[in-house]
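Subject: Handing over the structure

Hi there,

Here is the structure I promised to pass on. Please have a look at it first, and my notes follow just below.

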Amino acid sequence: MRDKIGEIERIAIEEIALASDADMLEKARVKYLGRKGLITELFKNMGSVSPGEKGEIGQLINSLKNTATKAFDEKARGLLGGRGTGAGKIDVTLPGIVHDVGHLHPISKTIEEISGVFISLGFKVVEGPEIENEHYNFEALNIPLEHPSRDAFDTFYLADKWLLRSHTSPVQARFMEKNKPPFAIVIPGKVYRPDATDASHSFMFHQVEGLVVGDNIRFSDLKGALTLFARQIFGEKTKMRFRPSFFPFTEPSAEVDISCILCSGKELRDAENAVHKCSLCGGKGWIEILGAGMVNPKVFKNVGYDPEKVTGFAFGMGVERIAILKYGIPDIRMFFENDIRFLRQF
Ligand code: DAH
């Protein structure tokens with residue numbers, strides 16, 4: 001039996017080596033490893049081996065089977081790797097395997113688009129920490145202790161005086177403390193608020209903040225920059241509206257609307273010619289997109305600037321809101337569910 005095993009191994013290896021194409025190799029494989037192959041037959045003959053030798057002979061046949069299988073596989077790979085067009089050869093004219101190429105998340109893309117408009121105006125991009133303290137998130141920005149945004153319902157508090165920043169405005173104060181005017185910066189990043197999640201609320205979202213400080217910066221500069229921004233993002237025909245508002249860190253402050261991108265303020269009529277309300281603006285004709293204003297002199301004092309010498313404007317917008325409007329997305333949660341069918345569309 002041992003001799004037989006050795007002999008089969010010798011001729012099998014020789015035959016594999018001699019096989020010059022896939023057909024020959026397959027015939028040899030069937031001859032040795034097929035259902036009625038020589039090696040398979042050896043297993044069937046185990047019955048005639050004496051009980052004392054069974055273990056050792058069994059191991060020898062197993063090892064022969066492994067050696068032969070490996071030799072066949074290696075040879076097959078060698079034959080396939082060869083050039084030419086014969087059976088079993090690789091057809092190099094077949095299209096290759098197309099791999100998925102990743103791309104930016106729609107929120108990252110929107111941040112880049114928004115920042116891009118301001119970069120083209122000479123702004124620099126600056127970032128700041130997501131874990132903030134009360135000083136930068138509130139006090140430096142003239143937000144008093146009794147302000148509702150300082151309530152635990154509106155801000156995630158951590159240990160001591162630390163919190164998850166509820167807006168990107170604290171980076172204004174951090175930047176001004178370390179830099180001298182003139183400068184123009186945009187600050188993109190994540191912010192956190194303990195809101196219950198629904199179609200338009202998320203406990204984490206993104207903002208882009210803007211700050212320009214220098215000599216004789218005027219409200220008209222703010223209007224010019226924001227009008228250019230809105231036209232680049234929502235189209236050349238976009239109209240702007242600045243409504244008086246209040247923020248502790250700007251004076252005067254404004255809420256900024258764009259003309260509705262769905263109805264442009266015009267009456268909408270259905271197939272029966274009946275008037276119906278625009279689903280986006282509710283018939284108002286305007287959509288709010290951001291808050292802005294002239295930097296409050298108290299904020300300049302807090303960071304060590306002389307409010308008699310410098311002026312500036314600031315603005316802050318929600319990135320998800322801009323993306324929802326621009327791309328017509330019905331639910332903010334879609335940004336964070338990681339559904340490839342949604343993300344692929346951007
Ligand atoms: N920080 C404000 C918010 O989160 C947004 C904002 C409004 C930022 C006016 C500003 C500004 O810089 O001037 O609601």
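**Cysteines**

There are zero disulfides in this structure, a disulfide being a pair of cysteine sulfur atoms within 2.5 Å. Before going on, please keep in mind that this is a predicted model, where local features need pLDDT of at least 70, side-chain atom pairs count only at pLDDT 80 or more, and totals for chains, interfaces and linings use all residues. Residues are numbered from 1 along each chain as its sequence is written, and side-chain values use heavy atoms, with hydrogens and water left out.

Cys-260 counts as buried at 2% relative accessibility, and Cys-278 counts as buried at 4%; buried means under 20% relative accessible area, with a 1.4 Å probe and protein chains only.

**Around the ligand**

The ligand is surrounded by 15 residues, and the closest are His-167, Ser-169, Arg-193, Gln-207 and Glu-209; a residue is near a molecule if one of its heavy atoms lies within 4 Å of it. A side-chain N or O atom of Ser-169 is 3.0 Å from a nitrogen atom of the ligand. For Gln-172, a side-chain N or O atom is 3.1 Å from a ligand oxygen, while Ala-314 places a backbone N or O atom 3.2 Å from an oxygen of the ligand.

Gln-207 sits in strand 5 (residues 204–214); strands are DSSP runs of E with at least two residues, and helices are runs of H or I with at least four, numbered from the N terminus. Gln-207 is buried, at 9% relative accessible area. Its side chain reaches the backbone nitrogen of Thr-168 at 2.9 Å.

**Helix 8**

Helix 8 (residues 219–234) has 16 residues and spans 22 Å from first C-alpha to last, close to the 22 Å expected, which is 1.5 Å times one less than its number of residues. Its buried residues include Leu-222, Leu-226, Phe-229 and Ile-233. The buried residues of helix 8 pack against several elements, among them helix 5 (106–119), strand 6 (240–247) and helix 10 (319–327), where contact means heavy atoms within 4.5 Å. Just after helix 8, Gly-235 has a positive phi of about 115°.

Enjoy exploring!

Definitions and conventions:
Buried < 20%, exposed > 50% of the residue type's maximum accessible area, 1.4 Å probe, protein only. Polar contact = N/O pair within 3.5 Å; in protein donor to acceptor, adjacent residues only side chain to side chain.
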